[in-house]
Each structure stands twice: as C-alpha cells, then as structure tokens.
Amino acid sequence: MKLKLKDIVLLALLAALMCVGDFAMEWLPNVHFVGVLVVVATAVYRKYAFFPIMVYWIVLGFVEGFTLWWIPKIYIWVLLQIGVMLIPKGASARVKNILYVAVCSLHGFLSFGVLYAPAQALIAGLDFKGTLAWIVVGIPFDVTHGISNLILGIVFIYPMIKVLKFADKYAK
C-alpha cells in the first residue's frame, strides 16, 4: 500500500481521534477509544498505523508530561498493532472482525497490568514479588479496561473499518 494524501489525512484524523477519545474519557478510568482506533488503523493501514500511534504518544507526553509512566505506552500500543497485524490477511471478514474485537479486549485485560509491569518494575525498582503484587492490585482496573474494550470493539471496530475502506475506495 502506497500512502496518498487522503491516507495521510485519515491517519492524522485517527491520531486526533485517539487524543480526543482518550482525553474526553479521562473521567471514566480505563475506558477510552484508543485501543479501538489502533485496531481500526492497523486493520486498514497495517504498518502505517504506527504513525497515528506515535502522534498520540507524543501529544500525550506534551499534555500530561513526559514522565516515567509515559515511556511504556509506546510499546503497549505497538504490541496491540502487532497483535492485529498477526491476524491472517486471508481470513474471512467475519473471522477477522471477531479476532479484531478479541485482540482489542485481550489487550485491555493485559495492557496496564501485565504489559506495563516490566517497565513499572524497572522504574519503581520492584522485585519479582513487588511486580506480582502490582499486577494483582491492578486486576480490577484491567478487568474494567478489557470489558470496555470488548464493548467498544463490538460497537465500533467493524463500522469504522468499513468507513475507512469506503473512504479509501471512493475518495480521490
């Protein structure tokens, strides 16, 4: 896939939606649209989804501060992108859509517990027991995140992919 101007504009729009979706939902802990938008961007733009992820990550740093908690977010979102890219291209649309939602939800269940734990251990100087305790204490938040990603994924992933593919097909 070669990027055209319309693709760059749509990727920029996805980056903006990631930022707005995250900031607008701050009042509701661990519920946001970023995971859904990463899945959608990756399903349509594959490796180019890295660009809106990076824009989101940088904007997040400018808005909330370039602190130690900010660093692991780069690999947390890129791992979601990789998870989506591992879904076979040849799978049926129905199977892909189910897997997109499953990967999005699984990422929510793991993202700020298990996936964040290695960085948290290094940053806070936690030993293995401390890291496990950190993961266990975060389980309720991860459950909320995983369930919200599941619900948001069911509602938004498929329609948003269709809209982006429609824009790709008919926009000149």
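Biologist: Is Asp 7 buried or exposed?
Modeller: Asp 7 is buried, at 1% relative accessibility; buried means under 20% relative accessible area, exposed over 50%, and partly exposed in between, with a 1.4 Å probe and protein chains only. The model is predicted, so local features need pLDDT of at least 70 and side-chain atom pairs count only at pLDDT 80 or more, while totals for chains, interfaces and linings use all residues. Residues are numbered from 1 along each chain as its sequence is written, and side-chain values use heavy atoms, with hydrogens and water left out.

Biologist: Which residue forms a salt bridge with Asp 7?
Modeller: That residue is Lys 6, and the closest N and O atoms are 3.4 Å apart. A salt bridge here is a side-chain nitrogen of Lys or Arg within 4 Å of a carboxyl oxygen of Asp or Glu. Lys 6 is also buried, with a relative accessible area of 13%.

Biologist: How many salt bridges does this rule count?
Modeller: The count comes to 1.

Biologist: Turning to the backbone, what is the phi of Asn 30?
Modeller: Asn 30 is not a glycine, yet its phi is positive, at about 65 degrees. Asn 30 lies in the loop between α1 (5-24) and α2 (34-45), where helices are DSSP runs of H or I with at least four residues, strands are runs of E with at least two, and both are numbered from the N terminus.

Biologist: And where is Arg 46?
Modeller: Arg 46 is in the loop between α2 and α3 (50-64), and its phi is also positive, near 50 degrees.
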